[in-house]
Amino acid sequence: MDRRELDALAAHHNLSHDDVQAAYGLVDARPGAAETRAFLIQLSRIAGVLSFGAGIVFFVAANWQDFGVFSRFALLEVVLAISVGLAIWQPAPLVMGRLALLVAFVATGALLALFGQTYQTGADLYELFLMWAALGLPLVLASQWSVAWGAWLLVLNISLSLFCFARPVGGWFWFAFGRGQLQLVELLLIPTLANFGCWALVEFLRKTRWRQIATAWLGRLAFVVATAFATSAFMIAIFDDGQQGIRMALGAFLVVGTLVSAYLLSRRRDVLPVAAVIASAIVIGACLIGDNGTADTSTFFALALWFIVTSTVSGRWLMSLVRAWRQEAP
Amino acid sequence: VSHDGESLTRALIERGVLADGVGPMPASHTQRPWFIGALLGMAGWLAGLFVLLFVAILFKPTSPLQFVPIGLVLIAAAFALYAIDKESAFFDQLALALSIAGQSALIWAAEGNTTDGGTAALTLVLQLAMLAIMPNRLAKLIAAFFACVAWALTIRFTMTGADELWGRNQAVSLASSLTAWFIVWTPLVIAAEGLIRTETQWVATRFRGIARAALTGILASLAIATWFTEPFASLSLAPPGEQRSNWLALWPLLAVVLALFAMFCAFRIRSSALIGLAIAGALLHVSHFYYLLGTTLLIKSCLLLAMGSVLLIASVQLRKGARQ
């Protein structure tokens with residue numbers, strides 16, 4: 001039970017302070033001392049490691065003149081070596097090993113950035129993140145930790161976003177995907193499919209012995225990011241008249257969206273991805289109304305009405321799914 | 001351990017807390033997941049802005065003060081809709097849109113007639129009024145969050161002055177920056193802590209709706225509100241040589257500490273949605289800290305390394321304590 005239900009229960013039965021305390025005790029509404037301590041240990045560990053990693057990245061980026069290039073490379077390599085050494089000494093899934101591999105993943109990115117900055121490799125920014133994701137993959141695999149996979153997914157998506165929106169010329173992706181001949185809407189199929197692929201992989205792994213790593217939040221994150229890319233593709237298709245010959249791409253988005261939605265509704269487990277698809281449809285519908293209207297009262301009225309009606313209907317429907325799927329849950 | 005309203009009611013009857021034969025809670029009290037609330041809230045916000053544009057074009061007010069009656073009428077209409085039909089999702093959304101439009105109109109009117117600090121202070125009063133009177137949970141929650149944002153902006157504008165987003169290259173001393181930060185956030189931290197500690201007391205009163213919205217709004221603001229109250233002057237596009245020292249650039253780092261505190265509070269009330277929001281907030285604050293000018297990356301790096309060390313030492317100490 002969450003706090004909203006407990007509040008409703010207290011209001012419905014007009015519970016006194018002592019009754020509320022009894023109810024909180026029965027549903028374990030407040031963590032005990034041991035649970036709190038365990039949470040604080042985990043929080044301070046992860047936050048400390050990430051803060052330390054960010055500090056190293058900031059230090060290298062500061063380009064401090066009194067600290068030469070050689071020293072900067074040495075610093076990062078030492079951090080990387082110590083992290084990998086710790087991970088070998090205390091291998092994942094031990095906490096030390098996981099944290100060390102997360103630091104190693106961060107240090108890999110910093111090392112690549114320093115390499116690009118020092119030797120002016122001419123690589124586009126998206127290539128740095130892509131290389132980071134590629135070289136960091138073994139570390140993330142070894143960590144067996146959803147947090148490290150979350151960081152990897154973030155890096156991969158930064159790379160894909162830079163590739164799609166900054167329209168660089170050159171690099172692996174540029175050669176692989178049309179050498180600049182593809183429209184932006186077509187390019188956005190790549191991150192959409194990549195993230196849906198990650199979500200599908202998480203869904204599959206959750207049925208195997210790897211479900212401890214393939215956590216629900218990781219799949220949800222990939223799904224929401226995929227939906228965001230798809231929504232942006234439709235928005236660009238609606239507002240940018242320069243996008244020509246994109247019917248195939250839009251058709252592909254619709255087919256993927258339909259298949260994914262059909263799977264979600266047949267699986268009857270998680271409502272969040274369904275809500276993401278609906279939110280996407282509401283935004284796309286609003287864009288269509290805005291594009292076909294002028295800045296006058298009728299358009300603004302139609303847009304206000306659209307948001308109110310669609311959110312009301314979808315809110316009710318999603319709640320019915322929540323109730324039904326919760327009852328069916330094993 | 002009970003997991004639903006029905007079994008909890010049964011357990012409370014067995015313990016003699018509730019009288020035998022009391023009925024279960026109505027089905028409408030079924031938990032609404034955070035993402036559906038977020039969808040409804042965002043849609044209500046956008047609808048509200050379009051309602052305001054619709055009204056502005058329809059009535060063509062010629063001065064900011066003419067927005068006052070428009071805003072008051074819209075808020076009154078929203079209140080009436082909330083009060084009349086508490087079960088209709090459509091009227092809830094319509095009321096939220098009208099409420100947002102009305103509040104935006106009043107803030108627009110204030111902005112045209114007072115300083116930035118004055119506008120922020122009036123917005124704070126407006127949001128507190130909305131928190132107290134609006135008979136709807138989502139409306140109260142949004143009001144609580146924006147009351148915290150308005151409070152932060154009021155103090156910031158009063159203490160360090162209002163600046164244009166990309167304009168003046170403002171110099172703010174370390175003492176001023178830290179003083180403003182403590183004045184802004186300490187009361188909110190104390191309020192959050194107090195509300196959590198006294199939770200079982202206020203849940204048993206009729207103020208539970210306001211207190212719950214206030215607690216959630218405060219925790220959400222501790223997690224992400226620094227993004228809404230960011231030190232604009234630190235984003236100045238002045239060349240590096242001309243950039244003056246502006247210690248407001250420390251706010252995002254301090255916001256990371258707030259986000260960690262919000263995460264801990266969210267854990268204590270078992271809210272995974274607020275924990276997620278605080279994690280996202282902490283990561284965003286670190287990237288914000290990187291890009292803000294006002295102090296050097298070297299100092300920022302040292303501060304992050306120091307913070308990381310403190311946190312790691314704290315984790316070791318906590319672990320030692322757990323073993324003992």
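Analyst: Start with contact, which means heavy atoms within 4.5 Å. Helices here are DSSP runs (H or I, at least four residues; strands are E, at least two), numbered from the N terminus. This is a predicted model, where local features need pLDDT of at least 70, side-chain atom pairs count only at pLDDT 80 or more, and totals for chains, interfaces and linings use all residues. Residues are numbered from 1 along each chain as written, chains are lettered from A and ligands numbered from 1 in written order, and side-chain values use heavy atoms, without hydrogens and water.

User: Which residues of H2(B) and H4(B) meet?

Analyst: On the H2(B) side, B:Leu40, B:Gly41, B:Ala43, B:Gly44 and B:Trp45 are among them. H4(B) brings residues including B:Gln93, B:Leu96, B:Ala97, B:Ser104 and B:Trp108. The contact residues of H2(B) and H4(B) divide into 14 nonpolar, 5 polar and no charged. Here Ala, Val, Leu, Ile, Met, Phe, Trp, Tyr, Cys and Pro are nonpolar, Asp, Glu, Lys and Arg charged, and the others, Gly among them, polar.

User: At what angle do the axes of H2(B) and H4(B) cross?

Analyst: Axes are lines fitted to C-alpha atoms, for helices over the stretch in contact, and angles run from 0 to 180 degrees between N-to-C directions. Helix H2 (residues 34-59) and helix H4 (residues 89-111) of chain B cross at roughly 55°, with axes that come within 7 Å. That makes H2(B) oblique to H4(B). Under 35 degrees is roughly parallel, over 145 roughly antiparallel, 65 to 115 roughly perpendicular, and the rest oblique.

User: How many cavities of 30 Å³ or more does the count give?

Analyst: Rolling a probe the size of a water molecule over the atoms shows where empty space is left. A cavity is a set of points, on a 1 Å grid over the protein atoms alone, where a 1.4 Å probe fits but cannot get out; lining residues have an atom within 4 Å of a point. Points join across faces, edges and corners, and a volume is the space filled by probe spheres set on them. The count comes to 2 cavities of 30 Å³ or more.

User: Which helix gives the most to the lining of the largest cavity?

Analyst: H4(B), with 4 residues. The lining includes B:Leu96, B:Ser99, B:Gln127 and B:Ala143. It has 6 nonpolar, 3 polar and no charged residues.

User: What lines the second largest cavity?

Analyst: Its lining includes A:Gly53, A:Leu76 and A:Val103. H5(A) gives the most, with 4 residues. The volume of the second largest cavity is about 30 Å³.

Conventions. 1 Å grid on protein atoms, 1.4 Å probe; cavity = no way out; pocket = protein on both sides within 12 Å on 5 of 7 lines; lining within 4 Å.
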